[in-house]
Amino acid sequence: MPTFSRIKVWDPYKRLGISPYASEEEIWGSRNFLLEQYAGHERSEESIEAAFEKLLMTSFRRRKKEKINLKSRLKKQVEESPPWFKNLLNFVELPPKDVIFRRLFLFAFMGGWSIMNSAEGGPAFQVAVSLAACIYFLNEKTKSLARASIIGLGALASGWILGSVVVPMIPTVLIHPTWTLELLTSLVAYFFLFLACTFFK
């Protein structure tokens, strides 16, 4: 039965025969390849697994450290930011991912519905439903219908105004012939409504 020739090599990278800059996929690939070659030889398998586990732990600690450093840098940037930016952050929150995806799906559905219905009429009904949904979600968070309505209407107005300015700048070759200015502006408005009801406090 063949014996692993690098069984006593101290450096785990050299033991697995890979570069110190190897990715996790390369580490896994080398480990699996060597285990197949020396299958059945206990000491060889133990040596290969030990090097693999050491590299895996090193990779995990590096990722954890990078994540902590990123959070520290972001926190420092926020602390050093101007007062107006800090005040702006007080109105923003990051909800759970499932909430983000559910609301993104809802407004994407409204956008798709508006596009499919563009030949028959304008997106007035879909915009109204989207606004109502936005106000409903905001009311759940703020517990104030008046505040929710103001934010929702503000988001709709901001999206509509920005859409009216930006959409005419898009080259006509990039726009479907049946898509009107009203439709494209409503798509921008859906995006603003999504942002408002998802990330505003």
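Leaving aside neighbours within four places in sequence, threonine 185 is in contact (heavy atoms within 4.5 Å) with Gly159, Trp160, Gly163, Ser164 and Val167. Threonine 185 is found in helix H8, where helices (H or I, at least four residues) and strands (E, at least two) are DSSP runs numbered from the N terminus. With a relative accessible area of 1%, threonine 185 is buried; buried means under 20% relative accessible area, exposed over 50% and partly exposed in between, with a 1.4 Å probe and protein chains only.

The model is a predicted one, in which local features need pLDDT of at least 70 and side-chain atom pairs count only at pLDDT 80 or more, while totals for chains, interfaces and linings use all residues. Residues are numbered from 1 along each chain as its sequence is written, and side-chain values use heavy atoms, with hydrogens and water left out.

The secondary structure of the protein comes to eight helices and zero strands, so that its pattern along the sequence, by the DSSP runs defined above, reads α-α-α-α-α-α-α-α. Buried residues make up 32% of the 201 residues, and among contacts between residues at least 6 apart in sequence, 68% join residues at least 24 apart. The accessible surface, from the Shrake-Rupley method with a 1.4 Å probe and, for residues, only the protein chains shown counted as cover, comes to about 13500 Å², of which 66% belongs to carbon and sulfur atoms.

H7 itself has 22 residues and reaches 31 Å from its first C-alpha to its last, close to the 32 Å expected at 1.5 Å a residue, the expected span being 1.5 Å times one less than the number of residues. In the loop between H6 and H7 lies lysine 143, which has a positive phi of about 60° although it is not a glycine, and which is exposed, with a relative accessible area of 68%.

Which residues have the most contacts inside the largest nonpolar core? In this core of 20 residues they are Phe107, Cys134, Leu138, Leu156, Leu193 and Cys197, a nonpolar core being a set of buried Ala, Val, Leu, Ile, Met, Phe, Trp, Tyr and Cys residues joined through side-chain atoms within 4.5 Å. Helix H5 (97–116), helix H6 (124–142), helix H7 (145–166) and helix H8 (181–199) each supply at least two residues of this core, and H6 gives the most, with seven residues. Not counting residues up to four places away in sequence, phenylalanine 107 touches Ser130, Cys134, Tyr190, Leu193, Phe194 and Cys197. A second, separate core of 14 residues includes Tyr13, Ile18, Leu34 and Tyr38.

A search of the whole structure finds eight aromatic pairs, where rings of Phe, Tyr and Trp (its six-membered ring) pair if their centres lie within 6.5 Å, and planes under 30 degrees apart count as stacked, over 60 as edge-to-face and the rest as tilted. The rings of phenylalanine 191 and phenylalanine 192 have centres 6.4 Å apart and planes at 80°, so this pair is edge-to-face. Phenylalanine 191 is partly exposed, with a relative accessible area of 48%, and phenylalanine 192 is also partly exposed, at 23%. Ring pairs also link Phe107, Phe194 and Phe199 into a cluster.

Charged side chains lie over rings as well, the criterion being NZ of Lys or CZ of Arg within 6 Å of the ring centre and within 35 degrees of the ring normal. Arginine 103 lies over the face of phenylalanine 137, at 4.3 Å from the ring centre, and arginine 31 lies over the face of phenylalanine 52, at 5.0 Å.
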